[in-house]
Amino acid sequence: TYEMLHAIRDLHSRHLILDEAHNLTNHYSFRDQALNYIYQVIQDEVPEKIVFLSGTPNKLLCKAWNFHFVEVSRQINNQVLINPVTAKSASPKALQGATVEILQRIDWRSTGKTHFVFWNSAKNINAVREWMEKYSELKPDEIAVINRNEVDAGNDKKYLEIITQSQLTGIKLVLCTSLIAEGININNQNIGEVLTVDLFCPDTFRQFVARFRKALQIVVHDIKPPERQTGKGWIKSTWREYQRKLTFAEPEKKHLERETVERYEELDDIDLEYPQISDPDYSYHSKFLNYAYTANGDAYINELRILSEIRDSIIQNSNNAFFYSQVTKQAGIRINSASEAIQAGDTITEQLTEVQTTIQERQEAQRTVLIADLKAQPEIVISALYRHYKAKRDHKQAKRIKKQVPGLIQDSK
């Protein structure tokens, strides 16, 4: 994994090959420390040769880092036929309704196929699961939910089956998030209907449909909100935007370098013997841009953050038409039909409302039990949990704990 790169010695004399290199920007929002370390290695140790591998490469990154871009075409591609579907609105309930309406069309008993719903939202996936278990012909053990929450909770049997055997057995419906959108193979040949919901990242779509290695043809019902206008400035030159953000980053980096020098000048010789004083776990967090940071006493421009911001801005401000124009650039992916508008009927809408109420009541009951259990813990346990979240900079969870037991929490170290 990227996190283990620090364990490799003598990188300057090695060839460094990074698979799934698009994740340097695509995963930056939640893996920034590990990914920044890769950037530092490339800047400082300069491996003899660096090769990035990706099925959905970030061409702006290649240009920014002066990489030579080599495009390789596969001889055989599975055919992906997209049926665009427009929900009534962008609300979760409207998207859930369109999803359920399509799932209702499937004859679950007469086919031995496995169907997939990809929705990068655990909350909405759970709502669809609740509806399917209560109102469809499927039994609970015929439905698999694969997301990070389920895996972390130990409900990982089907996830491990995919990881170890590259296939799924005994399941008719898979509800999944981006956890299985890349890095794995699903070699089932009995792939049925595939639904993608509220997905605007072309890279994620292409990565996901490529998981079905043995399926020669896949029909994807792509469910989106009604078409929207593109956001202001979304089509601006990415290279010019990259250069503009670099001009903001340079003063930040110089500020950090000056601050580091000043900090060392203030230390006595005896202080320098203690690394926790001379080299604290410190990083600069600008309230405005945060385009520079420090690591091991050196200042760096946060190039991956800049590249990630540019990518995210394009996705957030684009629309359905732009998405389809991008995904169909890849060989084997094409639009199969005109967009179909789907609105859930009154019965399904009422059922989804009931399902959501049931989920909220269950979560509230669980929350009540957890709070009672928390308050019953010794003060040292509560304080330790609070400090754990503070150390992780999970301010939301820390604030929740402090709100529940304010008299027991002391912020002073």
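The model is predicted, so local features need pLDDT of at least 70 and side-chain atom pairs count only at pLDDT 80 or more, while totals for chains, interfaces and linings use all residues. Residues are numbered from 1 along each chain as its sequence is written, and side-chain values use heavy atoms, with hydrogens and water left out.

The protein chain contains 15 helices and 12 strands, taken as DSSP runs (H or I of at least four residues for helices, E of at least two for strands) numbered from the N terminus. Its C-alpha trace spans about 80 × 60 × 45 Å along the principal axes. Of the 413 residues, 44% are buried (under 20% relative accessible area; exposed is over 50%, partly exposed in between, with a 1.4 Å probe and protein chains only).

Turning to the cysteines, the structure holds zero disulfides, a disulfide being a pair of cysteine sulfur atoms within 2.5 Å. Cys-62 is in none, as the nearest cysteine sulfur, that of Cys-201, lies 16 Å away. For Cys-176, the closest cysteine sulfur is also in Cys-201, at 15 Å, which is too far for a bond. Cys-62 is buried, with a relative accessible area of 11%, and Cys-176 is buried at 0%.

On the surface, a patch of negative charge brings together Asp-10, Asp-44, Glu-45, Glu-250, Glu-257 and Asp-298. Such patches join like charges within 9 Å, using residues with over 30% relative accessible area and no salt bridge (a side-chain nitrogen of Lys or Arg within 4 Å of a carboxyl oxygen of Asp or Glu). Glu-257 sits in helix α9, residues 238-266, and is partly exposed, with a relative accessible area of 36%.

Conventions: Patches are made of residues with over 30% relative accessible area and no salt bridge: like charges are joined within 9 Å, nonpolar side chains (Val, Leu, Ile, Met, Phe, Trp, Tyr) within 5 Å. Accessible areas come from the Shrake-Rupley method with a 1.4 Å probe; for residues, only the protein chains shown count as cover. Lys and Arg count as positive and Asp and Glu as negative; His and the chain ends are not counted. The place of a charge is taken as NZ of Lys, CZ of Arg, CG of Asp or CD of Glu.
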